[in-house]
Amino acid sequence: DATDIEARDGYSTVTIGLKYFLFENSDLDGDLLPNDEEEALGTNPYDADTDGDGLSDYEETRVCHTSPTLKDTDGDGLNDYVETAKYRSNPLAADTDADGLFDTDEVLTLKTNPLAADTDADGLADAEEGTLGTNPREADTDRDNLTDMDELRKYHSNPLVADSDGDGLSDYEEVFSYGSNALLPDTDGDALSDFDEVTVHHSDPL
């Protein structure tokens, strides 16, 4: 009868209301951030990775402390996921190793280590080597057995050329074998080159 129908309708209405209240989804995108927190952060509660950088909104806010609304928090040209997962550089610092080079320049252009200010450990910072024209990935750019650092600071020879004075003897030979000046083709000024003295005349270039 009408009374039974009204009673059943009332029961159905109450049941549906309880169901909605008890099982409402508080994390619509399943990223472990509650919807109300996403609303406060300005992230999309329907998208686990609001900025599409490869890190979930949860990872960005709870683990990396990067911005979940910016793909590249530090603005260095590398997105947050690439920095944290591939290069292990700091997504919050454009120059992780503070060597004067952006992380993006180190990994994409120079192929140096964004975590080490001196990739080849020769005593010269990567940024300085970039200015000098030496190879920041090789301690001895000209492969003359003298490190770039020693050539520049100790012997004052050219780290880009194995034979700085062009006399036919390598800088290493002049410094360690003969004691002659790697910057002068004729160390003793006798009109015979150091090379001729030691290889042809067997005389003392000093």
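Start with the whole chain, coloured by pLDDT, the predictor's confidence in each residue, from 0 to 100: the protein averages 91, and 88% of the residues score at least 70. Next select residues 10-23, where the pLDDT is below 50. Beyond near neighbours in sequence, this stretch has zero contacts in the model, a contact being heavy atoms within 4.5 Å. Where pLDDT is low, the predicted coordinates should not be read in detail.

This is a predicted model, in which local features need pLDDT of at least 70, side-chain atom pairs count only at pLDDT 80 or more, and totals for chains, interfaces and linings use all residues. Residues are numbered from 1 along each chain as its sequence is written, and side-chain values use heavy atoms, with hydrogens and water left out.

Now switch to a cartoon view. The protein has nine helices and zero strands (DSSP runs, H or I of at least four residues for helices, E of at least two for strands, numbered from the N terminus). Of its 206 residues, 33% count as buried (under 20% relative accessible area, with a 1.4 Å probe and protein chains only).

Then select Ser 180, in the loop between helix H8 (171-178) and helix H9 (194-201). Is Ser 180 buried or exposed (over 50%)? Ser 180 counts as buried because its relative accessibility is 7%.

Show the side chains of Ser 180 and Glu 174: they make a polar contact at 2.5 Å (a pair of N or O atoms within 3.5 Å; within protein, one must be able to donate a hydrogen and the other to accept it, and residues adjacent in sequence count only if both atoms are side-chain atoms).
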